[in-house]
Amino acid sequence: MLDRGVGGSAPRAGGLDRVTGAQRFTADIAIDDVLHVALVKLDCGRAVIEGIDTSTAEDVEGVVRVFTAEDFPHPMPRFGPRFADRPVIASGETKYHGDPVAVVVGVSKESAAKGAAAVRVQHVEVPGVYSIDDALGPDSPLVVEKDLRPADDPLRETNVREQWEWGWGDVDSTDADLVIEETYDFPMVTHFSIEPHAFIAAPEDGGVAVWSSIQHPYLLQRTLAQLLDLPISKVRIRAPDPGGGFGGKGFPKYEPLVAMMALALDRPVRLVLTLEETFQAVRRTNARIHLRTGFARDGELLFLDAVDDFLMGAYADIAPRVIGKSTYFAAGPYKVGAVRALARGLMSHTTPSTAFRGFGAPQIAWALESQMDAAARALEVDPVDIRLRNLAAPGEEIVPGDRPADGDWRESLRIAAGKVGWGEPLPVGHGRGIAVGLKASATAGASYCILRILHDGSVSLIAGTSDMGQGARTILTQLVTEHLGVPMEQVALVMGDTAVVPFDYSTSASRSTVFMGSAVVDACRRAIADLIDLAAGHYGVPVASIAFTPGQVLVGATTKTIPEVLADVFGAVPGEIITSGSQRGEGVPGHPLGGPAAFYEFSCTASEVAVDLETGDFELVKHVTVADVGKAINRQHVEMQDEGAAIMGLGHTLMEHLLLDDRGRIRNLGALDYRIPTFKDLPSSMESVLVENGDGPGPGGSKGSGEGGLLATSPAIAAAVSQATGVVIRDLPLTPERVWRAMQDDTRESPEKEGTKREDN
Amino acid sequence: MSARERPIRLTVNGTDRTVVVAPSMTLLEVVRTGLQLTGSKECCAEGECGACTMILDGESVNSCLVLAVEADGSVVTTVEGLGAAGTTPLQEAFLAAGAVQCGFCIPGMMVAASALLERVPQPSESEVREGLSGNLCRCGGYPRICAAVVEAARAGGPDA
């Protein structure tokens with residue numbers, strides 16, 4: 001029997017529907033008279049659209065209407081969380097492979113698809129920006145039209161959309177015994193949620209209703225209200241639990257398109273992306289990180305000097321925030337005297353990059369942790385020791401003046417080392433690696449909920465978090481049970497409908513347990529206070545004489561249950577207790593990120609590999625992740641999230657990489673050619689360990705969790721491969737071919753020659 | 001019914017059904033839209049992810065690759081047909097092991113695992129990994145799914 005209390009492993013709320021097939025995802029929702037939408041795309045990257053002939057398509061049986069840019073308002077409405085740069089539909093030119101130029105609406109999926117195939121798009125392919133080098137090239141075309149950027153933007157004639165300069169101390173005058181300078185590449189990868197994004201829109205009550213697999217329904221609601229010039233109350237977002245999000249379903253994509261078409265046609269329309277279309281809708285921001293670090297002979301990290309180039313796509317989406325926030329923590333969890341980081345957010349004619357589990361931190365950790373290992377090798381210091389030497393202790397600042405370390409990170413490192421058998425003898429061809437990662441959580445935001453104690457004592461909790469697999473439903477239900485003593489089976493959670501559920505800022509940054517969890521605890525406290533007030537009035541006793549423990553109301557010497565008190569209070573006419581709860585993070589004006597992170601997510605990964613020295617292929621013998629979670633509200637949920645993150649990390653570490661040709665086309669579009677981890681890619685042994693010191697800001701001392709497991713996957717495995725083979729690889733993914741090639745390369749540098757050592761002492 | 005459409009007969013989860021299908025329709029489309037059994041999911045539509053797994057005449061198949069007309073006269077089991085009388089040990093084991101996260105791959109996993117246990121009643125962990133290697137889970141639930149299948153086998157097979 002699973003322990004259902006906080007800290008136990010209550011079963012997943014909503015689990016039964018997920019194993020029986022009863023769970024309704026967006027694409028499973030049937031709406032009467034719904035029309036089907038197919039996107040018209042070109043088989044190239046950037047192209048100028050000269051004309052679109054829709055006449056043949058319009059004649060296809062079952063086609064209701066074909067929309068092109070001409071059918072939308074002029075100028076084309078644009079939207080986006082950072083810049084309003086994404087058009088509802090491509091206008092004038094396609095900005096990336098898969099950018100839709102027209103949309104066919106039909107009575108069936110088949111007729112819409114036939115219609116889409118019949119649309120003739122006259123277009124001319126023109127040179128595009130498809131790589132970091134392209135974006136930085138002096139003659140490269142501008143991705144964002146100059147006149148869409150402010151006249152006083154000094155970067156408006158470049159493809160640098162935004163840049164950030166972070167730092168402290170004096171890098172140039174810091175002497176070091178060892179300087180390591182290298183460049184690291186992190187690949188372009190896609191989210192590959194098993195549920196492709198799905199959207200339905202229908203006219204409703206003088207406004208519009210939109211069903212979407214979105215993580216942030218309230219942001220979508222505001223976006224649509226602005227674009228359609230409707231009051232927020234007339235935009236109703238229904239957000240069924242997403243079938244995996246990982247950041248890729250955070251921000252509006254095709255919802256404005258389907259909403260405008262539904263209103264134009266006065267009929268419901270639905271668009272379910274193909275998996276291929278999701279590759280063309282979302283991806284992680286790939287990066288090239290040039291890093292120079294200086295160390296003292298004993299391994300102390302003295303300075304860090306970074307130039308971080310991140311390749312965003314054709315529209316900025318939330319990528320600037322990914323880049324700005326992750327590079328602000330350029331020195332990760334280490335305390336470093338001098339840091340200088342220049343981060344550039346580059347535009348390109350590629351799939352718009354967005355949030356993706358880890359939010360830029362895996363890219364940073366790949367470079368930084370690889371350099372920690374290079375330094376350890378050059379200085380002949382143990383990789384665990386060099387990290388212990390530099391990790392911030394609890395209360396020590398990692399960015400001067402900002403939130404200090406909020407966990408015992410060295411404890412996590414020691415646990416991981418112990419679990420992987422650090423220091424024990426290894427067979428030939430085996431190697432071990434260890435690495436750490438840090439991700440900053442939400443800096444501001446707000447969560448509201450409504451809690452109703454119904455007449456029979458059961459509870460309806462109305463809370464706007466999206467449960468995309470992380471288990472928010474379970475956690476929030478458990479908190480009600482913990483604080484009110486109402487059994488989980490008697491708590492109903494209402495989510496996913498902006499018409500009835502109060503505002504929640506977003507489901508991102510591992511914030512829900514801390515923010516919405518705290519709001520739920522707040523609502524429980526208010527409900528208890530209301531219950532005591534009502535009871536005191538009814539029984540004619542002072543409020544102070546009534547005590548509440550979960551499930552029990554003590555009135556003087558008498559113990560009553562909640563339903564007994566409610567029956568006494570309300571008598572023959574039923575009633576209920578209705579309270580709200582909230583948790584706000586206001587941010588700090590003038591803070592570079594808008595405010596300090598509410599908590600840090602710290603993770604340590606340790607891995608042992610067995611490399612076939614003939615082929616470069618390798619197996620993961622052991623893979624350990626340690627997550628500092630403050631307090632696990634649900635142990636099993638936290639562990640499964642951490643394991644899942646670790647397995648996702650194996651993807652970008654071992655196999656995933658979107659490949660573009662010189663015309664900007666994604667060459668491995670779809671599941672056949674783009675591989676993600678399967679059952680057969682699992683490590684022989686995997687373990688997830690939680691560190692719980694109750695030092696987080698959430699209920700019970702919890703912190704957010706669930707992203708950490710992939711922060712340090714790449715550097716840990718790469719270090720293990722280096723130890724096994726003697727070669728150092730700085731580009732991901734670590735495919736067998738790449739490892740084999742590195743081993744064949746006679747001119748390769750030996751690891752002990754990495755870096756420049758000062759000769760004079 | 002347009003000229004090229006034709007009726008087909010299927011026994012789905014024990015019930016005889018007749019549906020009119022276009023020649024290009026897949027079994028998955030017919031089950032999801034024609035029969036409104038939406039437990040089976042569509043992801044890759046090319047037989048790589050397993051989200052659409054059904055049991056067709058005793059064989060586990062990617063229903064996105066089967067044309068509906070090819071399945072005429074067949075017996076089909078979808079996730080909705082498992083555990084008609086309450087939950088199966090497999091479903092219980094998935095929940096107990098924490099094998100379910102977002103849940104989108106789970107119906108396909110459940111059907112594939114059920115077919116695996118029919119074939120191999122007491123699979124080893126490596127047999128489970130091999131047997132389910134055509135089913136993708138992006139949440140990374142693999143270790144727990146694997147443990148759940150082994151546990152369900154111990155507890156008495158797919159339908160006990």
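This is a predicted model: local features need pLDDT of at least 70, side-chain atom pairs count only at pLDDT 80 or more; totals for chains, interfaces and linings use all residues.
Residues are numbered from 1 along each chain as its sequence is written, and chains are lettered from A and ligands numbered from 1 in the order in which they are written.

**The H12–H13 pair in chain A**

- H12 (residues 472–484) and H13 (residues 512–539) of chain A pack at about 30°, and their axes are 9 Å apart. (Axes are lines fitted to C-alpha atoms, for helices over the stretch in contact, and angles run from 0 to 180 degrees between N-to-C directions.)
- On the H12(A) side, the contact is made by A:Ala472, A:Ile475, A:Leu476, A:Leu479, A:Val480, A:His483 and A:Leu484. H13(A) brings A:Ser512, A:Thr513, A:Met516, A:Gly517, A:Val520, A:Val521, A:Cys524 and A:Ala527. (Two residues are in contact if their C-beta atoms, placed from the backbone, lie within 7 Å.)
- Sort the residues of this H12(A)–H13(A) contact by class and you get 11 nonpolar, four polar and no charged ones. (Ala, Val, Leu, Ile, Met, Phe, Trp, Tyr, Cys and Pro count as nonpolar, Asp, Glu, Lys and Arg as charged, and the others, Gly among them, as polar.)

**Another helix pair in chain A**

- H5 (residues 217–228) and H6 (residues 255–265) of chain A pack at about 50°, with 10 Å between their axes. That makes H5(A) oblique to H6(A).
- H5(A) gives A:Leu220, A:Thr223, A:Leu224, A:Leu227 and A:Leu228 to the contact, and H6(A) gives A:Glu255, A:Pro256 and A:Ala259.
- The class tally for this H5(A)–H6(A) contact is six nonpolar, one polar and one charged.

**Chain A as a whole**

- Chain A has 17 helices and 29 strands. (Helices, H or I with at least four residues, and strands, E with at least two, are DSSP runs numbered from the N terminus.)
- For 761 residues, a compact globule would have a radius of gyration near 27 Å, and chain A agrees with its 27 Å. (The radius is taken over C-alpha atoms, and the globule rule is 2.2 Å times the number of residues to the power 0.38.)
- The C-alpha trace of chain A spans about 90 × 75 × 50 Å along its principal axes.
- Of the 761 residues in chain A, 58% are buried. (Buried takes 20 or more other C-beta atoms within 10 Å of a residue's own, exposed 12 or fewer, and partly exposed is in between; C-beta atoms are placed from the backbone.)
- Take the contacts in chain A with a separation of 6 or more: 80% of them join residues 24 or more positions apart.

- The peptide bond from A:His74 to A:Pro75 is cis, with omega near -10°. A:Pro75 sits in the loop between strands S3 (63–68) and S4 (78–79) of chain A.
- There's a cis bond from A:Leu732 to A:Pro733 too, with omega near -5°. Look for A:Pro733 in the loop between helices H16 (713–725) and H17 (736–744) of chain A.
- A:Asp33 isn't a glycine, yet its phi is positive, about 60°. It lies in the loop between helix H1 (15–20) and strand S1 (35–40) of chain A, and with 8 C-beta neighbours inside 10 Å it counts as exposed.
- A:Ala509 also has a positive phi without being a glycine, near 55°. Its spot is the loop between strand S21 (491–494) and H13 of chain A, and with 26 C-beta neighbours inside 10 Å A:Ala509 counts as buried.

- Chain B has five helices and five strands, arranged along the sequence as β-β-α-β-β-β-α-α-α-α.
- A compact globule of 160 residues would have a radius of gyration near 15 Å, and the 16 Å of chain B agrees with that. Of those 160 residues, 61% count as buried.
- In chain B, the axes of H2(B) and H5(B) come within 8 Å and cross at roughly 135°, so these two helices are oblique to each other.
- 40 residues of chain B are in contact with 41 residues of chain A. The elements giving two or more residues to chain B's side are H2 (89–97), H3 (106–119) and H5 (142–155) of chain B. H5(B) supplies the largest share, four residues.
- By class, the side of chain B that touches chain A has 23 nonpolar, 11 polar and six charged residues.

How values were computed:
Angles under 35 degrees count as roughly parallel, over 145 as roughly antiparallel, 65 to 115 as roughly perpendicular and the rest as oblique.
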